[in-house]
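Here is a short walk through one protein model. Start with a single pair of residues, then step back to the whole chain.

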Amino acid sequence: MPLYLLIDRYAEPKPSVTLFSDPVDGHYRRSEQVSFGEEIRLPAPFDLVLATAAF
């Protein structure tokens with residue numbers, strides 16, 4: 001599954017991490033966003049929970 005992870009220190013209103021997935025015709029159909037300090041789960045092939053507090 002193609003994934004795109006965006007770590008944005010300058011996002012407004014606060015820094016965030018966004019995971020984009022399920023690309024179709026050059027566009028990602030799904031996204032999940034968390035603020036710095038929260039965890040985000042990366043699916044297979046990574047299959048891990050990424051802690052974002054250190055960002």
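Find leucine 42. Its bridge partner in S5 is leucine 48. Keep in mind that this is a predicted model.

Now look at the strands on either side of that bridge. S4 covers residues 39-42, and S5 covers residues 48-51. The two run antiparallel and pair over four bridges. Together they form a hairpin, with five residues between the strands.

Go back to S4 and follow its side chains. They alternate. Ile40 and Leu42 point to one face, and they are buried.

Next, the whole protein. What is its secondary structure made of? It has five strands and zero helices. Along the sequence the pattern reads β-β-β-β-β. The C-alpha atoms fill a box of roughly 30 × 25 × 10 Å along the principal axes.

How much of the protein is buried? Of its 55 residues, 20% count as buried. The accessible surface is about 4200 Å², and carbon and sulfur atoms account for 52% of that.

Contacts come next. Take those between residues at least 6 apart in sequence: 18% of them join residues at least 24 apart.

Last, the charges. The protein has 5 positive and 8 negative ones, and their mean positions are 1 Å apart.

Methods:
Residues numbered from 1 in each chain as written. Predicted model: local features only at pLDDT ≥ 70, side-chain atom pairs only at ≥ 80, totals over all residues. Heavy atoms only, no water. Buried < 20%, exposed > 50% of the residue type's maximum accessible area, 1.4 Å probe, protein only. Contact = heavy atoms within 4.5 Å. Areas by Shrake-Rupley, 256 points an atom, 1.4 Å probe, with all protein chains shown as cover. Lys, Arg positive; Asp, Glu negative; His and termini not counted. Charge placed at Lys NZ, Arg CZ, Asp CG, Glu CD. Pairing = 2+ DSSP bridges.
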